[in-house]
Amino acid sequence: MRSPHAHARIGAVRAPREAPGLVAVLTSDELDGRARPLPIQLPHRAEGAAEPHPLLATGEVRYAGQPVAAVLAETRPLAEDAAELVEVEYEPLEPVVDARASEHELMRWEGGGGDIDAAFAAADLVVRGSYALPRLVAAPMETRGAIASYDGERDLLTFWCSAQDTHRQLAGLIHVLERPAESIRVLVPDVGGAFGSKGVLAPEGGVVAVAAMVLGRPVKWAEDRLENFLAAYQGRGVEADVELALTGEGRMLGIRAHIYADLGGYLMPTTAIPPHTTAMLMCGCYDISSADVRVSGRRTNKVPTGPYRGAGRPEAAYFVERVVDDAARELGVDPVELRRRNLISEFPHRTPLGWTYDSGDYELCLDEAVRLVEPEREAGDELLSGTGVAMYVERSGGLAESADVALEPDGRILIRSSTSPHGQGHDTTFAQIAAEGLGVELDDVALQFGDSAAVPSGAGTFASRSVAMGGSAVALAVEKLRNECARVAARLLEVPEEDLSWGPAGFSAGGRTLPLRAIAAAGSALKASARFESDLVFASGAYAAVVEIEPATGRLRVRRIAAVDDAGTLVNPLLAEGQVIGGVAQGLGECLTEEATYDEHGQPTSASFADYSLLTAAEMPPVATAFVESPSPLNPLGAKGIGEAGAIGTPAAVANAVADALGGRGVDPPFTEEKLREVLT
Amino acid sequence: MRLTNEFEVAAPVERTWPLLLDVPRVAGSLPGARLEPDPAGDSYRGTMKLKLGPVTTEYSGTARLQDVDEDERVASFYVQGREARGQGSAAATIVSRVSADDGHTRVLVETDLEVAGRQAQLGSGLMQDVAGALLAQFAKGLERELTGTPYEAPPAAREALDVGAVAAQAVGERALLVLAGMAAGVLLGRLLWGRR
Amino acid sequence: MKPPPFEYSAPGSVDDALALLDDEAKVLAGGQSLVPLLNFRLARPGLLVDINGVSELAYLRRAGGALHIGALTRQATLERSRLVQEHWPLLAHAVRMVGHPQIRNRGTVGGSVAHADPTAELPVALSAVDARFHARSRRGARTLAAGELFLGPLTTALAAEELLVEIEVPPQPAGAGSAFVEHARTHGDFAIAGAAAVFAPGSHAAIALLGAGPVPVRATEAERALVGGASAPVAAGLAAALVQDEHRAALTGELVRRAIERARP
């Protein structure tokens, strides 16, 4: 049962004494002493307010849709019937809806390097712009849900949920319930998508766990689409004032940015992370020697924000690429040429903001994107067309992942991975790595994931890190396993290990070959584990778009998109392309129709698909994809990340194309007809 | 939602002004509304059932007169209602101003309306439609009350105020669009005047 | 999003259905509009009268030159009908714009009319072709024109005890062409604005607007001007003047102009 008000004090909560099928009503009173609010993760050097998200509202609500009470009944319809009868005394308070106007900071970060004042003093031109990306709804195909069951005798809580991985759910439950890891088992089965919105434990998930323990019965929660719209954390919601200092010849000397993030009512565990990522990437792909960036995360009476496909990188690409295009127009230089004059070309490259880009070939990506998109610009009465390009650099990988690889008696390979796929096709990718490393067929490899009791530990599936990290762990484990097998093969063939050669048919020596099957049948249980840890790796790319606008109606049509991505070594090009196209579709949605809107009282006004419009296949333009491979030196596969690239490059490229078609007047997404007509008239 | 509505009643201001504050008369003419005085004192409690085609909403709540300016002929009401079933709510501050205009009365109503819950979240268009049609009904009802013509609810709207049907009797398609309208809470206020 | 409790009945004939209709009952046909309202708990009927078994209401035939559409006719049936495509092409065009194919497989023509959503295509198209709507109740039968039937958003003149049984469409005027044009954010999305035009130069013009108000609006001044020989842009301007919102008026004008030009036989 959720708050209808965006901001209110809560007085008494009166549950109906009885209702058909009603089992219990839980409020924050019942949770008192049994559960704590969710944890908060702060990025390096960020300051954050101690305002974590409570499981159930305690004394006040800060967004419409915030969980206030849990109504438990025999069936979902009966629970909804009973929830209508719960009476809550609300004292509505004035809501804050505008982030810039909010006086309450939930998070703050400042960073930079180089002599920024000198750079701006020496500049021939300082270009200023303000740019904004509205909040978005992640809208995964499957909404959130969890089932909890508590075995009092063994003191074991079992928790099944629709989530991105087991690790962060487990960590969340450990924190919220203050129980040791061994007393909780988390299972994450094959899940219907997340796009970043199921990374951390949901408050409702915590309530389900407590309810199962209190009631002594398994409890199930499956939210409906309306709840997902109201209460799943949203993405983006940032604006920035950016200043770029350049010489008269177009050399970028320094960049300043003040970023305002609309964080919502509380700091959820990962709320502070995307704005920090945006800040760290504000030099983009350019060799800028000084930077000064501040982030102010403001509290508003809306649902909190969190990672959503791209999680801070699309915002950085948007802010940087828009100001670069504005600079090109002011200098009278071709926007592609201006970029060329400033692209980083030597790696590793450490930016003044502190991250080190490992590898890349930015100029090749840019040239390819321009070539593929076939630029066009026309200003007719019936139609305006324009072209835009955008570069991006993004961080992925990092932290650590593990894998256990075992050779089963029948010769098949079983991989236990710490990452969990939720639509990325890890089964295939990791199987490929193992198949290649051990000379088996793809079908002979099985992947197990999603059970905290069975899989090794890791960080989780987010930030496009699974191939780089999880895949690398698999690769290392596979190599170790092959060495184990070599030892056995040498023994069986009665030759020293050095005399063995390894080929697709197996291990050979002196004319005899032992396939893996035979080694497996020899009886010993062969397995190997590996943990892989590394610094962040940096994927990059260039996107370009051609758009047309119909002045009479303001209608925007994206004619074509070119997506050139450098994700290092590609393990499975087909899956990679699928990820890019999917990301492009979401990036386009952001450009054309998507925006989480609120009225002046903080009421969400686009809380169903009738109002929040997703693109259909019919709206997709032709997308030309190409991959540049600059392997990363930081992992054995040379892989980076590709899962979010489409969502990162597309909005910036389309925005620049729209500005180009409009003769240099820039607009923030979504590029609705009303907005475009207003610019044109 | 800030809504402004203006309409004219073919009666002199001396007759209209007191009626605006005469709760029982106005309330009695509106089907779908039930009200009774609040034992606590200076306000009324009541329920209002609204219907827009298949969509029905029932609110129960209170209303009170906040202040009256006899000189300027301005009355200000605060109305709030909660959904009878569900967590939604509506609240409105309504300021009505009457002025004389050549033997007629001009009524200017400025409403600050806040709707919380499903009705606001799902199809904001719906609220605008309800609001628009409601005001048309109020204007009609008030005019009839003042000119002495007894108001007869259309057959479809006996138990609940059938907002859509009433809209049909309003002043024509263009006027419907022109009238920005009120919503349930506002109409509730029209009915549940405070005692002076 | 589970509906509130309700009683359910599935009559097999029109008479059985009529016996059940009253203030507390709501008719369920394709369910494409009603079921979401039930799930959101915005509608709370006491009794759901499921007429999907009333097969006597499912028919599509031409007789005496007029088209008789049984209220239970599925939108997909209307879409696929050769008869309709040949003799009433406007209706075939309009129904193709309704949502997605899945919706049209279940949604009915009668349901779309009785629900009277301001953004629905069929009420607008049926207005443009001067359709007549037949309703029955326990007390008798009556026939309404579009202007009498559509009263407001989600509201028709049908009483709670009345059931829409047939939509009757007169033959298209001789020599007339037609077109239906609409504008939505994405394919299958609710239309923001639209226009249905039936035009025989010099003799007949009908222009019905979607999105100009809470009900389909006939742009009568524009119609007269067109018949009198005015150009499409001029007529479109007259139609657009009926729309309040500046942006929507410009959009409507553009759509009407296109509709008239496409309707030129």
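Reply: Helices (H or I, at least four residues) and strands (E, at least two) are DSSP runs, numbered from the N terminus. The model is predicted: local features need pLDDT of at least 70, side-chain atom pairs count only at pLDDT 80 or more, and totals for chains, interfaces and linings use all residues. Residues are numbered from 1 along each chain as its sequence is written, while chains are lettered from A and ligands numbered from 1 in the order in which they are written.

Me: How many of the 13 residues of α5(A) are buried?

Reply: A residue is buried if 20 or more other C-beta atoms lie within 10 Å of its own, exposed if 12 or fewer, and partly exposed in between, with C-beta atoms placed from the backbone. Among those buried in α5(A) are A:Pro203, A:Glu204 and A:Ala212. The helix is largely enclosed by the rest of the structure, because the buried count is 10 of the 13.

Me: How far apart are the end C-alpha atoms of helix α11 of chain A?

Reply: The expected span of a helix is 1.5 Å times one less than its number of residues. For the 13 residues of α11(A), 426-438, that gives 18 Å, and the end C-alpha atoms agree, being apart by 18 Å.

Me: Which residue with positive phi follows α11(A)?

Reply: The buried residues of α11(A) include A:His426 and, at the other end of the helix, A:Leu438. Following α11(A), with a phi near 70°, is A:Gly439.

Me: At what angle do the axes of α8(A) and α15(A) cross?

Reply: Axes are lines fitted to C-alpha atoms, for helices over the stretch in contact, and angles run from 0 to 180 degrees between N-to-C directions. The axes of α8 (residues 313-331) and α15 (residues 645-661) of chain A come within 8 Å and cross at roughly 25°.

Me: Which helix of chain C gives the largest share of the side that touches chain A?

Reply: Two residues are in contact if their C-beta atoms, placed from the backbone, lie within 7 Å. By that test, 15 residues of chain C are in contact with 18 residues of chain A. The largest share of the chain C side, 4 residues, comes from residues 246-263, helix α12 of chain C.
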